[in-house]
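Please read the numbered points with the sequence and the structure at hand.

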Amino acid sequence: MKGNRAVLYLRLSKEDVDKVRKGDDSASIKNQRLLLTDYALAHGFKVTNVYSDDDESGLYDDRPGFEKMMTDAKLDAFDLIIAKTQSRFSRNMQHIEKYLHHDLPNLGIRFIGVVDGVDTDNEENKKSRQINGLVNEWYCEDLSKNIRSALKAKMKNGQFLGSSCPYGYKKDPEDHNHLIIDDHAAKVVRRIYELYLAGYGKARIGSILSSDGILIPTLYKRNVLGENYWNGRALDTTKNWSYQTIHTILNNETYIGNLIQNKINTVSYKDKKKKRLPRKNWIIVKNTHEPIIEPEVFQMVQNLQKTRTRSVRCTEENSIFSGMIYCADCKHSMSRKYARRGEKGFVGYICKTYKTQGKQFCESHSIDIEALKEAVLYSLKEQAKSILKPQDIKELKEMEVYDESKSDYEPQIAAIQKRIAKLEKFKKKTYDSYMEELLSKKEYAAYISEYNGQIKELQLQQSAVQNKAELEKGLHNPYDAWAEAFKDYINVTELTRDMVLGLLDRVEVNSDGSITIFYKFQNPG
């Protein structure tokens with residue numbers, strides 16, 4: 001015989017909130033609780049817990065209260081779920097079949113809808129439950145269409161419908177669908193445009209703003225404007241202005257007085273997944289609010305971005321050392337350096353840490369591309385010429401096999417594996433925090449994505465080190481590999497990407513502009 005341990009499930013949806021505000025409080029959480037408690041007492045059920053979801057749609061099953069209830073159901077915490085109606089439990093026909101007709105019966109749990117007479121112990125009303133499920137889902141579909149139609153009409157009328165305004169604007173106190181300028185943030189936006197037109201790159205502009213202590217948009221909205229704002233593209237620990245933030249601001253037409261909406265839409269009324277719409281589907285209304293940036297200035301920035309992009313793509317030299325140039329001090333990759341004036345475009349490399357964080361973290365380690373090419377080519381030819389020395393050939397071919405460097409790889413691999421294990425441990429702790437409801441679902445996803453990215457990078461490093469170890473292990477004579485690698489480059493006059501990939505492991509640039517070259521095959525002499 002089934003027990004009498006009962007739980008109450010309460011849900012208030014967005015459409016119900018509107019009803020309550022109009023005076024019809026029959027759907028309120030408070031009244032639902034009173035109704036269900038009276039029912040439980042009248043039927044001899046013992047209420048052991050109450051699960052509640054406020055302002056949550058019945059189309060989805062990722063409601064906090066609902067998820068907790070289903071988790072407890074699997075732990076045999078109760079025997080019966082009581083809700084006001086089946087639609088309070090779910091308005092999704094797929095979920096009705098999954099939970100009411102499969103999962104709960106398999107767990108021995110009964111469901112009762114007090115008002116509509118739903119009772120999963122009664123097989124005779126199964127068809128009516130399914131019909132009600134379809135009707136409830138159709139209601140949501142029609143409601144979704146009506147809401148979308150109404151929202152699009154408002155968008156076309158130039159009304160701002162976003163929950164948070166673009167950085168530089170705030171909602172008009174007299175009309176929340178109208179944008180007005182936020183003077184403090186607007187000054188930062190104008191400065192970003194001025195710096196870009198003055199020749200500063202997007203990453204460098206971000207570094208300047210960070211150094212000046214200017215809050216990033218997310219923190220500004222939270223700490224200054226008091227908004228409950230969350231940026232899904234960044235972790236909460238982010239405090240520095242990023243390249244992407246600067247790029248977004250430099251390409252946002254909102255700053256010239258145009259309102260652009262309907263850029264993103266949900267896949268369907270039953271799915272929270274969103275997709276970015278093509279520009280032809282955007283709703284753009286011009287001159288709806290006061291501009292921060294003059295249209296002429298905005299267009300100059302757009303044209304300048306295209307010019308800089310073309311110069312990067314069309315400059316052949318910038319690809320020769322791509323992925324090979326590193327700072328000798330901070331060991332981070334070097335960034336490309338461009339001429340601020342004239343038409344030279346790409347001119348060399350500069351430390352990425354220095355470029356994005358400033359001189360307090362590292363020096364510039366600047367080097368011109370021509371000087372770099374000349375130094376690498378000279379070193380390569382010197383390596384190749386040494387092959388021709390008879391005394392070197394005789395001595396090297398008589399050398400015994402040694403593998404001192406092989407031992408260097410073992411601690412490298414061990415260190416990488418230790419870091420990977422530590423990140424995996426962090427992932428486990430993050431999951432535990434999520435299960436304990438210390439982190440939201442969005443926060444959990446953001447942290448896991450960050451950890452997975454770091455782990456993937458470490459795995460690539462481990463693979464590279466292991467490949468080197470295997471390569472050295474297979475060398476019977478260090479001279480053979482060295483000579484084979486360099487013999488074709490004795491009289492070369494021009495450096496190519498193939499040469500760099502085939503011979504160089506990495507190039508480190510020192511603070512004085514000199515370089516240290518690490519060849520895949522070092523001269524044994």
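1. In which sense do E13 and strand E14 pair, and over how many bridges? The model under discussion is a predicted one. In it, E13 and E14, the latter covering residues 346–351, are paired in the antiparallel sense over five bridges. Lys337 is found opposite Gly348 of E14.

2. This pairing belongs to an open sheet of three strands, ordered E13-E14-E15 and antiparallel in its pairing. The edge positions are taken by strand E13 (334–338) and strand E15 (367–368); each has a single partner strand, so one side of each is left without a neighbour in the sheet.

3. Helix H7 comprises 15 residues, 183–197. Directly after H7, Gly199 adopts a positive phi of about 110 degrees.

4. Several residues of H7 are buried: Ala185, Ala186, Val188, Val189, Ile192, Tyr193, Leu195 and Tyr196.

5. Leu215, Val224 and Leu225 make a nonpolar surface patch of about 210 Å². Of these residues, Leu215 is located in the loop that lies between helix H8 (202–211) and helix H9 (217–224). Leu215 counts as partly exposed because its relative accessibility is 33%, and that class lies between the cut-offs of 20% and 50%.

Notes. Residues are numbered from 1 along each chain as its sequence is written. This is a predicted model: local features need pLDDT of at least 70, side-chain atom pairs count only at pLDDT 80 or more; totals for chains, interfaces and linings use all residues. Side-chain values use heavy atoms; hydrogens and water are left out. Helices (H or I, at least four residues) and strands (E, at least two) are DSSP runs, numbered from the N terminus. The expected span of a helix is 1.5 Å times one less than its number of residues. Buried means under 20% relative accessible area, exposed over 50%, partly exposed in between (1.4 Å probe, protein chains only). Patches are made of residues with over 30% relative accessible area and no salt bridge: like charges are joined within 9 Å, nonpolar side chains (Val, Leu, Ile, Met, Phe, Trp, Tyr) within 5 Å. Accessible areas come from the Shrake-Rupley method with a 1.4 Å probe; for residues, only the protein chains shown count as cover. A salt bridge is a side-chain nitrogen of Lys or Arg within 4 Å of a carboxyl oxygen of Asp or Glu. Two strands pair if DSSP finds at least two bridges between them.
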